[in-house]
Amino acid sequence: MNKVSVILPIYNVGLYLDDTFTSLMGQTLRDIEIIAVNDGSTDDSEEIVRKYMASDCRITLINQENRGQAAARNAGMAVATGEYIYFMDSDDTIHPDALKTCHEYASVNNADMCVFDADTVYEEGACPISWDYRQSRFLEEGRAYTGEELLNIMMDNGRYNSVVWLYMVRRSFLKGTGISFYNGIIHEDELFSTSLFLKCRSVFCIRKVFVTHRIRTGSTMGTGFTRRNLDCYMTVADEIKKLNGGQTAERYLGFMLPIVFYTGHLIPLKYKFGLFARAVKSGYMGYIGLKSILVFWLKRAWWQ
């Protein structure tokens with residue numbers, strides 16, 4: 001069994017893959033597998049992956065029609081054999097000791113998950129984000145948290161990072177939960193990670209920056225807030241409600257929905273009626289709150 005399976009969804013990222021694979025080839029942990037899932041790329045991404053496959057037998061390539069990042073990650077999970085899984089973004093890079101340190105730390109502490117930090121770099125023209133990925137300042141290294149404890153601490157500090165590339169997950173734990181990525185939406189990390197935290201009994205923090213995350217002009221995080229963003233966040237809320245996650249799940253909905261509806265003022269007016277009607281029908285008014293509702297309707301983007 002490999003110690004770590006790195007699952008790498010790929011879609012038209014040929015400009016960045018050399019940096020990504022260089023950081024993976026340079027890992028001090030050698031006992032890894034890299035599962036590259038080419039999600040119907042139309043650029044030279046597949047050729048670049050095959051170039052690295054020719055010199056490194058640890059790389060596996062899966063080709064599929066374009067079905068989205070969630071489906072690509074699920075395809076990688078289905079064939080992963082590692083003790084732990086790391087979901088890496090295909091335009092990111094990771095520190096040479098990242099996988100070794102995380103695996104050793106997780107193994108020694110018998111952790112289901114471990115969390116760590118990231119820095120960001122911006123591609124020219126990408127929209128700035130309003131948060132950072134340094135979450136360890138809220139956590140103690142060497143302490144075992146339950147997933148619910150960690151999630152509550154993040155919400156207490158107004159800072160919850162759901163992105164999966166900040167976590168390493170024990171494969172047996174992940175398989176036991178039955179959790180997979182929800183196909184057809186953006187913000188699928190929000191649902192996947194939150195679902196894991198609601199079920200996880202052992203999470204440890206490593207207070208180190210292991211990831212350099214690229215914000216691109218064409219990526220989900222590098223573009224503005226749209227109708228689809230809000231629609232997909234409500235799908236996340238729908239699925240979280242089904243989990244029967246108790247007080248923490250309820251608190252999460254009260255944390256997430258006001259933020260996304262507040263930001264929803266950026267959506268053109270003609271789309272707001274349908275989105276608001278969905279929120280009312282789903283019973284989300286109590287979570288959203290009056291302030292975010294007023295901003296949603298009354299604060300107008302300059303182009304509206």
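In which handedness of crossing, left-handed or right-handed, does α5 pass α9?

1. The crossing of α5 past α9 is left-handed, a term used when the near helix is turned anticlockwise from the far one by less than a right angle, clockwise being right-handed. This is a predicted model, in which local features need pLDDT of at least 70 and side-chain atom pairs count only at pLDDT 80 or more, while totals for chains, interfaces and linings use all residues. Residues are numbered from 1 along each chain as its sequence is written, and side-chain values use heavy atoms, with hydrogens and water left out.

2. The axes of helix α5 (residues 147-156) and helix α9 (residues 246-263) come within 11 Å and cross at roughly 25 degrees. That makes α5 roughly parallel to α9, since angles under 35 degrees count as such, over 145 as roughly antiparallel, 65 to 115 as roughly perpendicular and the rest as oblique.

3. In contact terms (heavy atoms within 4.5 Å), Glu 148, Leu 151, Asn 152, Met 155 and Asp 156 of α5 meet Thr 248, Arg 251, Tyr 252 and Phe 255 of α9.

4. Strand β8 (residues 203-215) is joined by two bridges to strand β5 (residues 93-94), and these run antiparallel, with Thr 93 opposite Thr 212. Nine bridges join strand β6 (residues 113-122) to β8, and here the strands run parallel; Asp 117 has Val 209 in β8 as its bridge partner.

5. Tyr 233, placed in helix α8 (residues 227-242), counts as buried at 13% relative accessibility (buried is under 20% relative accessible area, exposed over 50%, partly exposed in between, with a 1.4 Å probe and protein chains only). Leaving aside residues up to four places away in sequence, Tyr 233 touches His 187, Glu 190, Phe 225, Met 256 and Val 260.

Note on methods:
Axes are lines fitted to C-alpha atoms, for helices over the stretch in contact, and angles run from 0 to 180 degrees between N-to-C directions. Helices (H or I, at least four residues) and strands (E, at least two) are DSSP runs, numbered from the N terminus. Two strands pair if DSSP finds at least two bridges between them.
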